[in-house]
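Here are some exercises to work through with the model open beside you. Try each task before you read its solution.

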Amino acid sequence: MKFTTLLPIALIGLASASPVPVEDIFSLDKRQSATTCGSTSYSQLAVQQSYGEGADHTMKGTTVSSSGGSQYPHVFNNREKLSFPACSGLTLYEFPLKPENQVFTNGAAAGADRVVYATTGPNQFTYCGAMTHTGAPTRNGFVLCS
């Protein structure tokens, strides 16, 4: 399923102290669910919030800088050949996965976990999955979250 981000609602969320609920911004894929990356568990809402934040930045053409200097979202080249069947053949993007009600902001540590999504058309995105550096066989490598 695809979703369309509504910019006016997203801007309201940026101007307020508490974020706009994700369900008010876009409809979500049923494939998108709670996940565990290494020993860290994320609720479905946490996954949705990180996915929505990343997709919103992709739509606007903006990025957020991590404390390590990386820019997010960015294209995920999938050198590990992780399986994202719903996104086969699409350009993949990664964005830091944060616990529920936490938003990845400029200067923050990205952490080990990421949501992966793809663009499917103008302002349309699909959730592909989640991945983590935790337990990866190579430095800066990734493995799928469960």
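**Exercise 1. Find which residues form one aromatic cluster with Phe125, and describe the pair of Tyr93 and Tyr117.**

Step 1. The cluster is made up of Tyr51, Tyr93, Tyr117, Phe125 and Tyr127. This is a predicted model, in which local features need pLDDT of at least 70, side-chain atom pairs count only at pLDDT 80 or more, and totals for chains, interfaces and linings use all residues. Residues are numbered from 1 along each chain as its sequence is written, and side-chain values use heavy atoms, with hydrogens and water left out.

Step 2. Rings of Phe, Tyr and Trp (its six-membered ring) pair if their centres lie within 6.5 Å; planes under 30 degrees apart count as stacked, over 60 as edge-to-face, and the rest as tilted. The structure holds eight aromatic pairs. One of them, Tyr93 with Tyr117, is stacked, at 5.7 Å centre to centre and 20° between the planes. This pair links distant parts of the chain, since Tyr93 sits in strand β7 and Tyr117 in strand β8, 24 residues apart. Strands here are DSSP runs (E, at least two residues), numbered from the N terminus.

Step 3. Tyr93 and Tyr117 are both buried, meaning under 20% relative accessible area, with a 1.4 Å probe and protein chains only.

Step 4. Phe125 lies in strand β9 and is buried too, with a relative accessible area of 2%. Its C-alpha atom is separated by 9.6 Å from that of Asp56, although Phe125 and Asp56 are 69 residues apart along the chain.

**Exercise 2. Work out which cysteines the two disulfides join, and where those cysteines lie.**

Step 1. A disulfide is a covalent bond between the sulfur atoms of two cysteines; the test used here is a pair of cysteine sulfur atoms within 2.5 Å.

Step 2. Cys37 is joined to Cys145, with S to S at 2.0 Å. The pair links distant parts of the chain: Cys37 is in strand β2 (residues 35-37) and Cys145 in the segment after β10 (143-144), 108 residues apart. The link of Cys37 and Cys145 is right-handed, with 105° about the S-S bond. Cys37 is buried at a relative accessible area of 1%, and Cys145 counts as buried at 14%.

Step 3. Cys87 is joined to Cys128, again with S to S at 2.0 Å. The link of Cys87 and Cys128 is left-handed, with -100° about the S-S bond. Cys87 is buried at 3% relative accessibility, and Cys128 is buried at 11%.

Step 4. Counting bonded cysteines along the chain, the pattern is 1-4, 2-3.

Notes
Helix = DSSP H or I, 4+ residues; strand = E, 2+ residues; numbered from the N terminus. Buried < 20%, exposed > 50% of the residue type's maximum accessible area, 1.4 Å probe, protein only.
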